[in-house]
Every structure is written in C-alpha cells, then in structure tokens.
Amino acid sequence: MFTGLSAFPLTPVTPSGIDEKGFVNILARLTEAGVDSLGVLGSTGSYAYLTREQKKRVTALAAQHAGGIPLMVCIGAYGTEQVLQLADDAQTAGADALLLPVLCYQSPTDDEVYALYETVARHSSVPLCVYNNPRTTRFEFSDVLLARVAALPGVQSIKIPGVQAEPVRMQSLRKILSAEVTIGVSGDEFAGQGLNAGCEVWYSVCGGLFPHSARQIVDAARAGDSGCVSEQVARLEPLWQLFRRHGSIRVMAVAAGILGLSDIDCLPRPLQPLPAEACRDIAAVMTQLELR
C-alpha cells in the first residue's frame with residue numbers, strides 16, 4: 001500500500017459538478033499503467049473545495065474503477081467531527097487507507113493535533129497516512145509530534161515535503177520512526193532526491209496523469225540506479241518549471257484537457273483556467289518530454 005508510485009489524480013470539476021466521465025478517464029490511465037496505489041482527493045484532487053456528497057461520489061467512482069489497485073482517500077477537514085464523517089464515508093465506499101492532513105484556521109497545538117490523529121486511528125479500520133504539507137495546510141509537524149503520531153496503531157506512512165527529503169533529514173527521521181512506517185516524498189521536482197535518500201514511496205502529482213513517465217523514475221529507484229533516477233527527474237525540469245510558474249493543479253487541469261480526458265476548464269471555483277498562451281506552453285512541454 002505505502003511503497004512505489006502513489007498516483008494522485010486530478011478531480012475534474014465542471015459548473016454542473018464532478019466530471020465523472022473525465023475522472024474515470026483519468027483513472028483508466030493509472031490502472032492501465034499499473035501504479036502501486038491511488039491517492040484520490042488529495043490537494044490535486046481538490047478535496048478542500050468539494051462538498052461531502054461530492055467526495056463520497058468521487059471515492060465511490062475510484063473504488064469502482066481502481067482495478068484492484070489499493071486506494072487511499074484524503075479525509076482532510078477543519079473539524080474532527082467532519083474528519084470522522086469523511087473517514088466513515090471513505091471506508092464505506094471501499095478505501096484501503098486514509099490520508100489525513102491538519103487543516104488550521106486557528107493554529108492547533110501539538111497536543112490537539114495528536115488528539116486528532118489518535119481519535120481517527122481509534123475510529124478507523126484501515127491504515128492512516130500522515131499528510132505533512134505545511135505549504136498548503138499551514139501546519140508543520142515537529143519531529144517530536146511526528147514520532148508521537150507515527151507510533152499510533154494504524155499509522156503506516158508519512159507524506160513529507162520534498163524539501164525535507166535530503167539524506168541528512170531522512171536519517172534523522174529514521175531514528176524517530178518505527179521501521180514499519182514508510183516515508184513518502186511529495187513535491188514532484190524533489191522526487192529524485194527523496195527516492196535516492198531512501199523514501200519508499202513517491203506521492204506524485206505527475207504520476208496522477210503521466211503514470212508511465214513517473215513509473216520510469218520509481219522503477220529506477222527500485223533497481224538501485226540512483227543516477228538514472230536523477231537523470232529522469234532532471235529530464236522533466238520543463239514540467240517542474242510549469243508547476244512552479246502556474247501551480248501543479250492548474251497545469252494538470254490543462255494537460256487533462258489537452259489529452260481529451262476532460263475540459264481544460266475543469267477546476268473548482270474560485271480557481272480559474274490558465275490563459276491560452278500558458279496552455280500552448282504546456283502542450284509544447286508535453287510533446288517535448290513525450291509525457292505519458
């Protein structure tokens with residue numbers, strides 16, 4: 001469940017709601033490529049913008065079309081009661097694991113965050129992945145808190161920002177985490193750094209639409225070919241530049257439209273589609289890199 005390539009697909013949204021056909025089209029690319037797991041309703045999946053009913057429907061579609069691939073579902077919300085409701089919904093629909101970020105409007109204390117994870121772990125019958133992404137959640141785990149949370153029954157993986165995935169940092173994390181807890185790198189441009197430093201899983205935006213291209217990197221890491229990992233990640237630098245310029249979710253939305261999987265305008269409002277010039281740049285990069 002928590003090794004290899006975990007592909008985080010876009011959730012395409014139209015003015016009338018979830019583009020179910022588009023979402024299924026995207027899932028088909030991932031199942032055909034044989035990704036190691038699916039991470040639906042993550043940041044790229046727009047969980048923060050969707051209603052409970054929409055999340056239930058997306059999870060049901062993912063479970064229906066996962067093709068036997070393990071399914072992880074994000075259950076992020078501001079209140080514990082809402083998180084538990086989403087956990088119930090995801091498990092009922094067939095999720096194999098839950099991804100839990102800490103969303104904060106009022107900054108929580110470490111004890112409050114621990115209590116959230118302890119409550120969800122006690123409430124859930126499937127494994128948990130800790131989502132540490134301070135850039136979007138506005139909360140950053142201390143090492144002490146990570147160790148406490150990772151020791152809870154059911155916690156089996158930690159998703160860390162790529163900027164923290166350098167070798168020295170990985171060594172320090174290994175000292176405080178159980179050997180049964182995997183460490184996953186996110187932030188696609190840092191995938192090579194993380195995988196070469198010992199991350200067991202890549203929680204990947206790129207892999208959510210271009211699974212074959214992402215798979216080449218993970219396969220090289222599994223083979224122990226660190227040079228090939230670095231080369232493959234460096235080859236995709238034009239894509240990382242687009243991510244930095246426009247935000248990865250906007251680039252993925254345009255790319256899904258270019259591939260004919262959904263409309264180019266498939267982001268939940270207030271997010272807006274990119275202008276025509278940016279769309280041309282994305283199409284050119286997709287052709288240049290032969291992304292698939």
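## Two residues in one loop

L41 sits in the loop between β4 (37-40) and α2 (52-65), where helices (H or I, at least four residues) and strands (E, at least two) are DSSP runs numbered from the N terminus. This is a predicted model, in which local features need pLDDT of at least 70 and side-chain atom pairs count only at pLDDT 80 or more, while totals for chains, interfaces and linings use all residues. Residues are numbered from 1 along each chain as its sequence is written, and side-chain values use heavy atoms, with hydrogens and water left out.

The phi of L41 is positive, near 60°, and L41 is not a glycine. S46 lies in the loop between β4 and α2 as well, and its phi is positive too, at about 65°. Most residues other than glycine have a negative phi, and most peptide bonds are trans. L41 is buried at 1% relative accessible area, and S46 is also buried, at 1%; buried means under 20% relative accessible area, exposed over 50%, and partly exposed in between (1.4 Å probe, protein chains only).

## A cis peptide bond

Have a look at R269 and P270: the peptide bond joining them is cis, with omega about 25°. P270 belongs to the loop between α12 (248-258) and α13.

## Two helix residues

In helix α13 (residues 276-289) you will find D281, which is partly exposed at 33% relative accessibility. Beyond residues up to four places away in sequence, D281 contacts L242 and R245 (heavy atoms within 4.5 Å). Its C-alpha atom is 10.0 Å from that of L239, 42 residues apart along the chain.

Q232 is part of helix α10 (residues 226-235) and is buried, at 18%. Setting aside neighbours within four places in sequence, Q232 contacts Q216 and I217.
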